[in-house]
Amino acid sequence: MTSTAAPLDLLLLPTWLVPVEPAGVVLKDHGLGIRDGRIAFIGPRTAALKLSAREVRELPGMLLSPGLINAHGHAAMSLFRGLADDLPLMTWLEKHIWPAEAKRVDEAFVRDGTDLAIAEQLKGGITCFCDMYFYPKVASDCVHNSGMRAQIAIPILDFPIPGASSADEAIRQGIELFGDLKHHPRIKITFGPHAPYTVNDDNLEKIRVIAEELDAGIHMHLHETAHEVQRAVEQTGERPLARLGRLGLLGPRFQAVHMTQISEDDLALLVESNTSVIHCPESNLKLASGFCPVERLWQAGVNVAIGTDGAASNNDLDLLGETRTAAMLAKAVAGSATALDAHRALRMATLNGARAMGMESEIGSLEVGKAADIVAFDLSGLAQQPIYDPVSQLIYATGRDCVKHLWVAGKQLLDDRQLTRMDEQQLTAMAIAWGQRISGHHE
């Protein structure tokens, strides 16, 4: 690119630039130029300074990376954060979360809870998230208004849920929303059958056919606990993953969330079908659901992305913290200190998430032509010194409070830690009001 081209909208000049692709690279004293919401230039600072740009931002002591991608969550459940802690998964769901949802969840709950989650995620360096929750149209409106990027998974269960009286109605709504948002630059609709134990073969079959016709993704909780797998084997003689394989759901568009239980046959099926796995380490730890064998999957060639799960079982939407936990846990599970090193952990939180959602040509790495979804981490603080490898410092010594600036499609949504489009005080007051309402009726 030469300086005679149209001027850049914005030129960023950080101390370090980590493109993620190619893998393991750290560019020092480079600039990144944005034009029309896309990355138009990456090159040495000296070359960058010769370009004409409408705005130049010096970012000393900062690391520029692709925006983080939270590949699994339930955004509106932020309003249930801390509601029923320290309980096993099925008790937590059946005795607490499902009754609270039945009583509370409506369009207003989803709108406010999703806004709260979006704000928290933006402040934590997340530019794109996957949401799987009720009233998906409401959630997609929140994403549209916020300027953020998201994959919205349409929840489908065999029984009535808030906003859909049957699986057929949920599927119909999903098809309609898919059509409405097909050309949306920042929102992608996918189908979200809840779990193997809540969706029967007939409904899974319908979802498979529709996903194939629309070339849409399928996002599903799978092998979350040993109990889930054991119960399925006792009842049907078949592991849930094998059942999905038999029904033809697995493939590059399939996103298997959790996968804490993986046999040799399971691994072979994941590899052969090119299915992505979404790892949610902190939710799995907190609910004692088990450990996803990340290093084993990675070495076998499976694409592993990372998600926070909902704030009701995590209890934060902190993907940087999640990635650090993932790296530590991978080493413990594999019994190897070299498992999931810092650079691969960052790739898991960026490009692997994009790949799982079928968005890798748009986002997930800093490459010319891709959307300018970018985060600047401030590594100038005391706790980050000295810096030998900035990516190591980012993963092992940095918290989300070091997120300084963030752009989605070239639009700045976080400027010096301040949200540019959302009112943080208003959101906090709204969340407190919901908490009072919910606890007043919650035994």
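Mentor: R231 lies over the face of Y197, at 5.6 Å from the ring centre, where a charge counts as over a ring if NZ of Lys or CZ of Arg is within 6 Å of the ring centre and within 35 degrees of the ring normal. The charged end of R344 is likewise placed over a ring, that of W298, with 5.0 Å to its centre. The model is predicted, so local features need pLDDT of at least 70 and side-chain atom pairs count only at pLDDT 80 or more, while totals for chains, interfaces and linings use all residues. Numbering runs from 1 along each chain as its sequence is written, and side-chain values use heavy atoms, with hydrogens and water left out.

Turning to ring against ring, the search of the whole structure gives 3 aromatic pairs (ring centres of Phe, Tyr or the six-membered ring of Trp within 6.5 Å; planes under 30 degrees apart are stacked, over 60 edge-to-face, the rest tilted). One of them is the tilted pair of F80 and F109, with 5.0 Å centre to centre and 40° between the planes. This pair links distant parts of the chain, 29 residues apart, since F80 sits in the loop between β6 (68-70) and α2 (89-104) and F109 in helix α3 (residues 107-123) (helices are DSSP runs of H or I, at least four residues, and strands runs of E, at least two). F109 also pairs edge-to-face with W434, at 5.3 Å centre to centre and 85° between the planes. Because F109 belongs to helix α3 and W434 to helix α16 (residues 424-440), that pair ties together parts 325 residues apart in sequence. F80 is buried (under 20% relative accessible area with a 1.4 Å probe, protein chains only; over 50% is exposed, in between partly exposed), F109 counts as buried at 0% relative accessibility, and W434 counts as buried at 5%.

As for the helix packing, α5 (residues 167-180) and α6 (residues 201-214) pack at an angle of about 10°, their axes 11 Å apart, which makes α5 roughly parallel to α6 (under 35 degrees). Their contact (heavy atoms within 4.5 Å) involves A167, D168, I171, I175 and F178 of α5, and N203, K206, I207, I210 and L214 of α6.

Finally, an unreviewed UniProt entry lists residues 64-412 as "domain: Amidohydrolase-related". In the model this span is 43% helix and 17% strand, and its end C-alpha atoms lie 14 Å apart.

Technical notes. UniProt positions renumbered as here; feature names shortened; annotations may be inferred. Axes fitted to C-alpha atoms, helices over the stretch in contact; angles between N-to-C directions. Parallel < 35°, antiparallel > 145°, perpendicular 65-115°, else oblique.
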